[in-house]
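Please read this report with the sequence and the 3D structure at hand. It goes from the domains to the strands and then to the packed helices.

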Amino acid sequence: MLRVLLGRWVVGCALLLGPVTGALAAPSPSGVVRLYDTEYVSAAEFGAQAGLKRLWLVPQKKLLLADKTRRLELEVDSRDFLFNGRRVFLGEPAVAYRNTIYISRIDRDRLLRPILDPRMIPGPVPGLRTVVIDPGHGGKDDGAVNPRLKLKEKEATLDVALRLERLLKAAGYRVLLTRRKDSFVPLPLRPAFAKSEKADLFISIHFNANETRTVVGTETYLLTPQHQRSTGSDRRMPDDAFPQPGNVRDAWNAVLGFKMHNALMGELQTFDRGLKRARFAVLRDLACPGLLVEGGYLSNDTEARKIATPEWRQRLAESLAEGVADYRAVLAARR
Ligand SMILES: [Zn+2]
């Protein structure tokens with residue numbers, strides 16, 4: 001569990017918007033139209049550019065854009081979509097407009113294009129030699145606790161981090177941890193350590209908690225792009241307008257995040273809570289691609305009992321290592 005910096009969580013929120021009303025400008029030559037004070041583009045047009053065929057799964061409501069290896073399912077008024085069966089959150093809901101579905105321009109550029117076709121990402125391809133693993137919490141900060149099972153988040157995160165370290169070292173990476181024992185490391189020092197070690201990749205490991213004990217599942221977080229609200233926020237905040245240092249890598253973060261979330265869901269078979277966005281302190285100042293994984297809910301006794309076993313924590317570490325390998329394969333294909 002990571003304390004959120006901005007506002008309260010609205011878990012799994014999908015902002016429902018009414019029909020488009022009022023005078024609206026026609027799409028500009030670039031295909032951009034302004035709806036709900038946001039730049040939107042046609043999802044079908046974007047799909048055609050990416051070589052995807054379109055099909056209405058539910059007329060005027062659910063649109064499929066697909067080819068042999070890619071399957072994108074968008075739904076009107078929904079803030080999440082499915083890509084190859086995995087749940088991914090948009091910054092803004094998809095909307096109905098001109099008999100088709102429109103998505104925000106930032107979602108197209110910072111999320112959909114990178115995960116659909118990483119070959120289109122401009123600029124240099126990141127390296128991948130040094131990995132910094134960040135076991136959440138530690139020392140005076142227990143993180144989430146399941147008192148019934150006497151399970152502390154800070155202990156589970158360190159155990160998974162040490163297991164992941166062994167796997168990544170065996171795969172040839174230089175691997176460093178932000179802490180190796182039960183010590184308190186202030187949040188800003190964690191990305192600063194990664195920067196000082198010239199890390200190429202940052203993986204923060206956490207477990208979740210919710211007052212509602214039935215809540216379960218795994219979620220993966222990436223830094224929120226500039227001018228977008230985080231997944232847990234139901235409205236835009238003034239701070240959303242400011243860029244964070246980590247936003248330079250939005251496109252590669254999206255590739256990394258999807259590969260990692262896909263590996264986690266494929267391996268763990270937990271409930272898919274989605275690839276989400278937050279401006280967590282450990283992600284904002286990163287000088288390399290990075291993400292934060294919430295492996296499961298300690299507040300749910302069934303899930304916590306699994307997390308308490310070394311076998312399950314090993315599986316989590318293995319799926320994280322698989323996510324790194326899948327990300328590495330994308331980088332290699334670009335070189
Ligand atoms: Zn945490």
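Predicted model: local features only at pLDDT ≥ 70, side-chain atom pairs only at ≥ 80, totals over all residues.

Residues are numbered from 1 along each chain as its sequence is written.

**Domains**

The domain assignment divides the protein chain into domain 1 (33–120) and domain 2 (130–334); such bounds come from an automatic or database domain assignment. Taken over C-alpha atoms, the centres of domain 1 and domain 2 are 26 Å apart. In the contact between them, 15 residues of domain 1 meet 20 residues of domain 2. Two residues are in contact if their C-beta atoms, placed from the backbone, lie within 7 Å. On the side of domain 1 that touches domain 2, the elements giving two or more residues are strand S6 (80–83), strand S7 (86–89) and helix H2. Helices (H or I, at least four residues) and strands (E, at least two) are DSSP runs, numbered from the N terminus. H2 gives the most to this side, with 5 residues. By class, this side of domain 1 has 8 nonpolar, 2 polar and 5 charged residues. Here Ala, Val, Leu, Ile, Met, Phe, Trp, Tyr, Cys and Pro count as nonpolar, Asp, Glu, Lys and Arg as charged, and the others, Gly among them, as polar.

**Strands**

S6 and S7 pair in the antiparallel sense over 4 bridges; two strands pair if DSSP finds at least two bridges between them. Phe 81 has Val 88 in S7 as its bridge partner. The two strands form a hairpin with 2 residues between them, and Asn 84 in the turn has a positive phi of about 50°.

An open sheet is formed by 4 strands in the order S1-S2-S9-S8, with antiparallel pairing. Its edge strands, S1 (33–35) and S8 (95–97), each pair on one side only. From one strand to the next, the twist averages 50°. S1 is joined to S2 (residues 38–42) by 3 bridges, and Leu 35 stands opposite Thr 38 in S2. H2 lies across S2 and S9 (100–104), running at about 70° to S9.

**Helix contacts**

Two packed helices are described by the angle between their axes and the distance between the axes. Axes are lines fitted to C-alpha atoms, for helices over the stretch in contact, and angles run from 0 to 180 degrees between N-to-C directions.

| Helix pair | Angle | Axis distance |
|---|---|---|
| H2 (residues 105–116) and H5 (residues 250–268) | about 55° | 8 Å |
| H5 and H8 (residues 310–334) | roughly 140° | within 8 Å |

How are H2 and H5 placed to each other? Their angle makes them oblique. Angles under 35 degrees count as roughly parallel, over 145 as roughly antiparallel, 65 to 115 as roughly perpendicular and the rest as oblique. H2 passes H5 in a right-handed crossing; a crossing is left-handed if the near helix is turned anticlockwise from the far one by less than a right angle, and right-handed if clockwise. The residues that make the contact include Arg 110 and Leu 111 of H2 and Asp 250 and Phe 258 of H5. This contact of H2 with H5 has 7 nonpolar, no polar and 2 charged residues.

H5 also crosses H8 at roughly 140°, and that makes H5 oblique to H8. The crossing of H5 and H8 is right-handed. Among the residues that meet are Val 255 and Leu 256 in H5 and Arg 315 and Tyr 327 in H8. By class, the contact of H5 with H8 divides into 9 nonpolar, 2 polar and 6 charged residues.
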